[in-house]
Amino acid sequence: MKSLEDALKHRVGLGTAPLGNMFRAVPEDEAQTTIQTAWDQGVRYFDTAPFYGAGLAEMRLGEVLSHYDRDEYVISTKVGRYITEETEEKEGLFEDARDNKVITDYTEDATKRSIEQSLERLKTDRLDMVFVHDVSPDFHGVDWTAKFEEARKGAFRVLTQMREEGVIRGWGLGVNTTEPIELVMELEEARPDICLSATQYTLLNHDHALERMMKSAEEKDVDIVVGSPYNSGVLLGGDHYNYEKAGADIIGRVNQLKEIGQKYDVPLKAAALQFSTAHPAVKSVIPGSTRPDRIKEDLEMIQRDVPKEFWDELVNRGFVSEHAPLPVHSR
């Protein structure tokens with residue numbers, strides 16, 4: 001069985017939210033080619049979720065990975081939502097998803113149902129890591145603490161038991177804010193092993209995460225997977241920042257970063273990937289894509305030489321926190 005460390009030879013995994021038709025309808029052949037290209041390039045860690053296209057991303061991932069030895073790859077998916085045969089009108093991030101109704105539920109029964117469904121869609125008999133998905137303020141507003149409590153009594157207990165029984169290797173949260181991860185790391189009765197933090201520890205956005213989340217993760221030996229390292233694409237010239245339309249201030253900041261990058265011949269993709277993985281708590285970074293050529297580029301960029309002077313300028317001009325671990329050992 002491949003260990004997480006072995007699977008993360010490049011420190012880069014594949015995030016599959018875009019393959020669930022996030023932002024646009026992705027043709028089936030394009031989705032399959034993207035996953036196949038990741039495999040062919042040596043990627044062996046894949047992250048997915050029922051929420052991504054109402055099961056679509058899991059189905060697409062399972063279709064490709066089912067052709068390979070299960071011991072050769074590591075997969076993480078999420079609980080907190082399960083899919084029904086009922087249909088619903090789709091809107092928002094996944095308006096082009098399958099029309100199956102998605103139910104948000106963090107209870108024990110729902111967690112077990114979610115895992116059973118994921119195993120079927122992924123065409124596998126086991127999962128490696130399971131993240132409790134979106135139990136956070138951005139999805140539940142002021143009610144998020146009540147949802148967290150529901151998860152504490154339900155999903156956390158189920159996943160802790162599954163880990164103890166050897167059914168899964170580890171569990172944690174998969175969220176877009178730092179507070180839930182900070183909170184779960186304080187629990188006595190249910191200790192996470194690994195958490196997926198999307199959008200919060202990136203080149204563009206990391207000050208808040210450094211204050212508590214990353215520090216606690218190191219102290220408590222909780223691994224971090226960084227999702228959305230490009231903050232939904234804005235860092236690479238896209239118009240979305242953290243899954244919403246980017247404002248003028250964010251665009252301006254990205255343009256300034258781009259200018260500094262050009263000065264030192266450093267693409268922002270290389271800077272973003274290397275920044276996120278420089279922190280000792282970070283095990284992997286999982287950019288998502290639906291373009292096969294971008295996966296090859298990701299793997300090239302994480303290994304690209306970036307001069308120390310580039311990082312020095314980012315720190316000196318306040319783009320990078322002076323407290324952030326950098327890919328170079330000295331400034």
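Select strand β7 (residues 170-175) and strand β8 (residues 194-198): the two run parallel and are joined by two bridges. Strands are DSSP runs of E with at least two residues, helices are runs of H or I with at least four, and both are numbered from the N terminus. Two strands count as paired if DSSP finds at least two bridges between them. Within this pair, pick Gly174, which stands opposite Leu196 in β8.

The model is a predicted one, in which local features need pLDDT of at least 70 and side-chain atom pairs count only at pLDDT 80 or more, while totals for chains, interfaces and linings use all residues. Residues are numbered from 1 along each chain as its sequence is written, and side-chain values use heavy atoms, with hydrogens and water left out.

**The sheet**

Now widen the selection to the sheet. Eight strands form an open sheet with parallel pairing, and their order is β1-β2-β3-β6-β7-β8-β9-β12. At the edges stand β1 (14-15) and β12 (282-286); each has a single partner strand, so one side of each is left without a neighbour in the sheet. In a regular strand, side chains alternate between the two faces of the sheet.

Strand β9 (residues 223-227) pairs with β12 in the parallel sense over four bridges. Select Gly227, whose bridge partner in β12 is Ile286. Is β12 enclosed or open? Four of its five residues are buried, so β12 is largely enclosed by the rest of the structure. Here buried means under 20% relative accessible area, exposed means over 50%, and partly exposed lies in between, using a 1.4 Å probe and protein chains only.

**Salt bridges**

Next, display charged side chains. The structure holds 25 salt bridges, each being a side-chain nitrogen of Lys or Arg within 4 Å of a carboxyl oxygen of Asp or Glu.

Start with Lys78 and Asp47, whose side chains meet in a salt bridge at 2.7 Å, N to O. This pair links distant parts of the chain: Lys78 is in strand β3 (residues 74-79) and Asp47 in strand β2 (residues 45-47), 31 residues apart. Lys78 is buried at a relative accessible area of 2%, and Asp47 is buried at 2% as well.

Move to Glu30 and Arg24, a salt bridge with its closest N and O atoms 2.4 Å apart. Glu30 is buried, at 18% relative accessible area, whereas Arg24 is partly exposed at 27%.

Then select helix α4 (residues 108-122), where Glu108 and Lys112 lie four residues apart, about one turn of the helix. Their salt bridge has its closest N and O atoms 3.1 Å apart. Glu108 is partly exposed at 40%, and Lys112 is partly exposed at 39%. For a network, select Glu149, Arg152, Lys153 and Glu189, which are joined by salt bridges that share partners.

Show the rings of Phe, Tyr and Trp. Rings pair if their centres lie within 6.5 Å, with the six-membered ring used for Trp; planes under 30 degrees apart are stacked, those over 60 are edge-to-face, and the rest are tilted. The structure holds 12 aromatic pairs.

One of them is Trp39 with Tyr68, a stacked pair at 4.0 Å centre to centre and 20° between the planes. Trp39 sits in helix α2 (residues 28-40) and Tyr68 in the loop between α3 (56-65) and β3, 29 residues apart. Trp39 is buried at 8%, while Tyr68 is partly exposed at 27%.

How are the rings of Trp39 and Tyr73 arranged? Their centres are 6.1 Å apart and their planes are at 75°, so the pair is edge-to-face. Tyr73 is also in the loop between α3 and β3, 34 residues from Trp39. Both Trp39 and Tyr73 are buried.

**The largest pocket**

End at the largest pocket. By class, its lining has 19 nonpolar, 18 polar and 11 charged residues. Here Ala, Val, Leu, Ile, Met, Phe, Trp, Tyr, Cys and Pro count as nonpolar, Asp, Glu, Lys and Arg as charged, and the others, Gly among them, as polar.
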